[in-house]
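Here are some notes for a colleague who is opening this structure for the first time. They are set out as numbered points, to be read with the sequence and the model side by side.

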Amino acid sequence: MKTGAKGKICQALLELADGKSAQDVTVSELIARAGINRSTFYYHFTGTHEVLEYMMDDFCAQYLSALMIPRGEVAKSISKSSQDALEKGVCDYIRKAGHVVPFFLQEPHYRLFAKRFRKAFQDYCQAHTIVQVFPDGHTEQLKRGVFYDYYVHMSCLRLFAVLECWAERNFSETEEDFVHIFDTLHNTSISFQG
């Protein structure tokens, strides 16, 4: 999460909205907890809902960027060194920022988080080429259409489900455990190419 005024505002929202909707937290409560003035708050945000969206978008962007496939590699056959770096990056990020995920998965925020995650994942897909991997190892770019949309949708659901299950276990998995998650996500003839 960010530092400075934005970071203080986000941390204050986490503390004040634990167990209730972020929309139930007032700007006055936020600025008092964050130790900032009203004009600083409104310089960055228009309301508490926007703070929550910012936090979700920031988390999703950084989480998915940790999952970026190196340029020229295919997720299904990624090199061991790239896979190790990817797993370490994801686990390091979750250790640093995973405390916000249970907050996002609480009932008042769950649907918004799922929606924001989907949007971030669509942006993630724009940065990759989606390819079909043939048994002989060669790849062909998947053309846009129903099958492409289906693959993107299912990949997003799988990544979101991994995040939910991982949060239920308090992010206790290590890099070694994450390799099984990564293999499961990419155990298909359709894959991402960096």
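**Notes on the predicted model**

1. The space in the largest pocket comes to about 150 Å³.

2. Which residues line the largest pocket? They are Asp 57, Cys 60, Ala 61, Leu 64, Ser 65, Met 68, Arg 116, Lys 119, Ala 120, Asp 123 and Tyr 124. By type, the lining is made up of six nonpolar residues, one polar residue and four charged residues.

3. On the overall layout, the protein contains nine helices and three strands, and their order along the sequence reads α-α-α-α-α-α-α-β-β-α-α-β. The protein has 194 residues, of which 46% count as buried. Among the contacts in the protein with a separation of 6 or more, 73% are between residues 24 or more positions apart.

4. The largest nonpolar core deserves attention next, as it has 59 residues, and Phe 59 and Tyr 63 are those with the most contacts inside it. At least two residues of this core come from each of helix H1 (4-16), helix H2 (27-34), H4, helix H5 (80-97), helix H6 (100-105), H7 and helix H8 (146-168).

5. What does Tyr 63 touch, once residues up to four places away in sequence are set aside? Its partners are Val 90, Tyr 93, Ile 94, Phe 117, Leu 159, Val 162, Leu 163 and Trp 166.

6. How many disulfides does a search of the whole structure find? The search finds zero, and Cys 125 illustrates this, because its sulfur is 7.8 Å from the closest cysteine sulfur, which belongs to Cys 156, and that is too far for a bond.

7. Is Cys 125 buried or exposed? Its relative accessible area is 4%, so Cys 125 counts as buried, the cut-off being under 20% relative accessible area. Cys 91 is likewise buried, with a relative accessible area of 2%.

8. Pro 70 and Ser 82 are 12 residues apart along the chain, and their C-alpha atoms are separated by 7.2 Å.

9. Asp 149, finally, lies in helix H8 and counts as partly exposed, at 46% relative accessibility. Along the sequence, Asp 149 and Gln 122 are 27 residues apart, while in space the C-alpha to C-alpha distance between these two residues is 10.0 Å.

Definitions and conventions:
Residues numbered from 1 in each chain as written. Predicted model: local features only at pLDDT ≥ 70, side-chain atom pairs only at ≥ 80, totals over all residues. Heavy atoms only, no water. 1 Å grid on protein atoms, 1.4 Å probe; cavity = no way out; pocket = protein on both sides within 12 Å on 5 of 7 lines; lining within 4 Å. Points joined across faces, edges and corners; volume = space filled by probe spheres on them. Nonpolar A, V, L, I, M, F, W, Y, C, P; charged D, E, K, R; others polar. Core = buried A, V, L, I, M, F, W, Y, C linked by side-chain atoms within 4.5 Å. Buried < 20%, exposed > 50% of the residue type's maximum accessible area, 1.4 Å probe, protein only. Helix = DSSP H or I, 4+ residues; strand = E, 2+ residues; numbered from the N terminus. Contact = heavy atoms within 4.5 Å. Disulfide = S-S within 2.5 Å.
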